[in-house]
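User: I have a structure open and would like to go through it with you. Could we look at it piece by piece?
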Amino acid sequence: MARDYYGILGVSRGASDDEIKRAYRKLARQFHPDVNPDPEAQEKFKDINAAYEVLSDDRKRQIVDLGGDPLAPGGGGAGGPGGPGGAGPFVGFQDIMDAFFGGATGAGRGPRPRTRPGADAILRLELDLQETAFGVEAPITVDTAVLCTTCSGAGTAAGTHLATCEACGGRGEVQSVQRTFLGQVVSARPCTVCQGYGTTIPHPCPTCAGDGRVRTRRSLTVKIPAGVEDGMRIRLAQQGEVGPGGGTAGDLYVEIHERPHDVFSRKGDDLHCRVTVPMTAAALGTRLTIKTLDSEEPVDVKAGTQPGSTLRLRARGVPHLRGTGRGDLYVHLDVRTPTKLDADQERMLRDFAKTRGEEVAELTKQGGFFSRMRDAFNGHG
């Protein structure tokens, strides 16, 4: 049964080339072995690459749209039962499509290049609020494939060169004659000796084993602009994986993760904090000194301030990532009521309540508030 390549990438059958490429890059960043070492993720990454290989190739995509699987094993190659002049059995959909898309005429696609573009890479970077707010030049360490300096990407040992594949004569594919319900057709398949490259490496580079690249750990410095937010990604062009054969490197994406702050919480470019003031200060008014991210600001608490009130300090938040200016700082006030009073303090508060005409029930063992409540329920005056 043919694999659902569209489903693997999560795109519709009518998806454009750009939509397919974006879906591939998104999934590749999520399941790349450098980011997700889980063995299941590595298998998923292989499926993602296979799906992209098929759907980014117009010919292979046509085969999928007609119900076939261009990567499925299909029938005899040169020298087998279905070789030239042979009369092998009916071999399936792949061979039929080869007859219609170039294989029947003997005109194949030619050898595929050894040099291919590299994949993108992603790196998580944790920063403090101070660093995301005002920017920073952060050192990072990235483990990616880089160009092999021994062979400069050629993949061959010093003093040696690529050799033309003797099996396919440099064409990168071999032809076979097969019998289908349409009659006898000629189809072309990638050469299994050279893997479709048309050339072989008799003497591989001892450093990279013929891949043209090696894995290494590099140190870079990334410039974080002021105002970045949690989850944003910064793109470093061509700092990702070098491609096979020394191909152009992909991009490196640095994903920002902002650590929680002890005092401030962030919402967009605005900052929020909570400050506790005594009940007397809220009643009489006071002046506080608020330490912001980069300064100390005096704040007046007006007399009669109620619990839950909010004070706004304009332009004391996070600088805007795009444009000028900054967000605001919101100071949320918690009014603290004393939990323990000595006799003198209690007497003064009761006297104060009387001057305001506010009755304060005394909680005593006899004749107090609870006694009056009990009498009320029992019907006593």
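Analyst: Let us begin with one residue. Setting aside neighbours within four places in sequence, Cys-168 is in contact with Glu-173, Val-174, Cys-191, Cys-194 and Gly-198. Please keep in mind that this is a predicted model.

User: Where does Cys-168 sit in the chain?

Analyst: Cys-168 is placed in the loop between S3 and S4.

User: And is Cys-168 buried or exposed?

Analyst: Cys-168 has a relative accessible area of 1%. Buried means under 20%, so Cys-168 counts as buried.

User: Which cysteines does UniProt list for "binding site"?

Analyst: The UniProt entry, which is unreviewed, lists Cys-165, Cys-168, Cys-191 and Cys-194 under "binding site". They are spread over 30 residues of sequence, yet they cluster in space, with a largest C-alpha distance of 9.0 Å.

User: What about Cys-165, where is that one?

Analyst: Cys-165 lies in the loop between strand S3 (163-164) and strand S4 (173-180). Its relative accessibility is 2%, so Cys-165 is buried.

User: Which residues are in contact with Cys-165, leaving aside its neighbours within four places in sequence?

Analyst: They include Cys-191 and Cys-194.

User: New topic: sheets. What is the strand order in the open sheet of four strands?

Analyst: The order is S10-S11-S15-S14, and the pairing is mixed. Strand S10 (265-267) and strand S14 (310-313) stand at the edges; each has a single partner strand, so one side of each is left without a neighbour in the sheet.

User: By how much are neighbouring strands of this sheet turned against each other?

Analyst: On average, neighbouring strands are turned by 30° against each other, with direction ignored.

User: How many bridges join S11 to S15?

Analyst: Eight bridges join strand S11 (residues 270-278) to strand S15 (residues 329-336), and these two strands run parallel. Within this pairing, Val-275 stands opposite Leu-333 in S15.

User: And S14 with S15, parallel or antiparallel?

Analyst: S14 and S15 run antiparallel, and four bridges join them. Leu-311 has Val-331 in S15 as its bridge partner.

User: What do S12 and S13 form?

Analyst: S12 and S13 form a hairpin, with four residues between them. Strand S12 (residues 286-291) and strand S13 (residues 296-301) run antiparallel and are joined by six bridges. In this pair, Arg-287 stands opposite Asp-300 in S13.

User: Let us move to Thr-144. Which strand is it in?

Analyst: Thr-144 belongs to strand S2 (residues 136-147). Thr-144 is buried, with a relative accessible area of 1%.

User: What joins the side chains of Thr-144 and Arg-218?

Analyst: A polar contact of 2.9 Å joins them. Leaving aside neighbours within four places in sequence, Thr-144 is in contact with several residues, among them Asp-34, Ala-121, Arg-218 and Glu-241.

User: Then Asp-230. Where is it?

Analyst: Asp-230 lies in the loop between strand S7 (213-224) and strand S8 (233-236). With a relative accessible area of 48%, Asp-230 is partly exposed. The class runs up to the limit for exposed, which is over 50%, so Asp-230 is classed as partly exposed.

User: Which residues is Asp-230 in contact with, apart from its neighbours within four places in sequence?

Analyst: Asp-230 is in contact with Ile-256, His-257 and Glu-258. For Glu-258, the backbone nitrogen lies 2.7 Å from a polar atom of the side chain of Asp-230.

User: How far apart are Asp-230 and Arg-266?

Analyst: They are 36 residues apart in sequence and 9.8 Å apart in space, C-alpha to C-alpha.

User: Finally, the whole chain. How many helices and strands are there?

Analyst: The chain has nine helices and 15 strands. Of its 381 residues, 38% are buried. Among contacts between residues at least 6 apart in sequence, 66% join residues at least 24 apart.

Definitions and conventions: Residues are numbered from 1 along each chain as its sequence is written. This is a predicted model: local features need pLDDT of at least 70, side-chain atom pairs count only at pLDDT 80 or more; totals for chains, interfaces and linings use all residues. Side-chain values use heavy atoms; hydrogens and water are left out. Two strands pair if DSSP finds at least two bridges between them. Axes are lines fitted to C-alpha atoms, for helices over the stretch in contact, and angles run from 0 to 180 degrees between N-to-C directions. Buried means under 20% relative accessible area, exposed over 50%, partly exposed in between (1.4 Å probe, protein chains only). A polar contact is a pair of N or O atoms within 3.5 Å; within protein, one must be able to donate a hydrogen and the other to accept it, and residues adjacent in sequence count only if both atoms are side-chain atoms. Contact means heavy atoms within 4.5 Å. UniProt positions are given in the numbering used here, feature names are shortened, and annotations may be inferred rather than shown by experiment.
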